[in-house]
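Visitor: I am new to this structure and would like a close look at a single part. Could you take me through the aromatic rings and the helix that carries some of them?

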Amino acid sequence: MNRPLFISLDGPKGTGKTTLLEAVTAVLRADNKKVIRLCERKSDPYRGATMALVNELARNHSWDLEWAVCQRFADSRSWISRHVLTEQPVGSIILIDRWYPSDAAFRQTVPFAEILQLNIERNVQVPDLHVGVVTAPDISWARAKARSRGLGGTVIQKHAEHVACTETFEQAAADHGWALCRNEGTIEDATMQVVSEIYKLIS
């Protein structure tokens, strides 16, 4: 590869993205691949102000507030695209925990088509591979509730909301041709699903 390969893992809460990302990293590094792990949340210099707006949105939902949140996230991804992704070494595989596909799960009123266009207009880098990590809603809900930090959700608080966000995300994945990883069995099975998709790009 004469440039970094950029891969995002997205999906609803509790689907096991972070655990899967760690497992995929281990398999690729064992095969002598240079892997860079990033997290949208930790790479975002504007995260504090954006989350304050997300908290306001959760208290007083409106289309205008949600659109403002979408704009802030797109601006952050544009910054990451220019200042973080461009600094990664040639030949590396960049795995990022969340990118704009996750908006398909968590935005409730702004259509994803508009969010996608917003990110394109901001020159947000398009991943070489979008991986949507999903499970049946009851499985991911139970997993999220069992974690020490709980659901940890600002936008999603109720089971019915989680079901709806899962269905919306899976529909977006189908509409846009994202690779869908069903992480309902062993972590080894899910890992090999993702690794197989990555090797399709570099073989």
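Guide: Trp63 and Trp67 sit 4 residues apart in helix α4, so about one helical turn separates them. Helices here are DSSP runs of H or I with at least four residues, numbered from the N terminus. This is a predicted model, where local features need pLDDT of at least 70, side-chain atom pairs count only at pLDDT 80 or more, and totals for chains, interfaces and linings use all residues. Residues are numbered from 1 along each chain as its sequence is written, and side-chain values use heavy atoms, with hydrogens and water left out.

Now to the rings. Rings of Phe, Tyr and Trp (its six-membered ring) pair if their centres lie within 6.5 Å; planes under 30 degrees apart are stacked, over 60 edge-to-face, and the rest tilted. That rule gives 4 aromatic pairs. One of them is Trp63 with Trp67, a stacked pair at 5.6 Å centre to centre and 15 degrees between the planes. Trp63 is partly exposed at 38% relative accessible area, and Trp67 is partly exposed at 21%. Phe169 and Trp178 have ring centres 5.6 Å apart and planes at 45 degrees, so this pair is tilted. Phe169 is buried at 0%, and Trp178 is buried at 10%. (Buried means under 20% relative accessible area, exposed over 50%, partly exposed in between, with a 1.4 Å probe and protein chains only.) Ring pairs also join Phe112 to Phe169 and Trp178 in a cluster.

Back in helix α4, which spans residues 63-83, you will find Ser76. Ser76 is buried, at 2% relative accessibility. Leaving aside residues up to four places away in sequence, Ser76 touches Asp44, Tyr46 and Thr50, where contact means heavy atoms within 4.5 Å.

Definitions and conventions
Helices (H or I, at least four residues) and strands (E, at least two) are DSSP runs, numbered from the N terminus.
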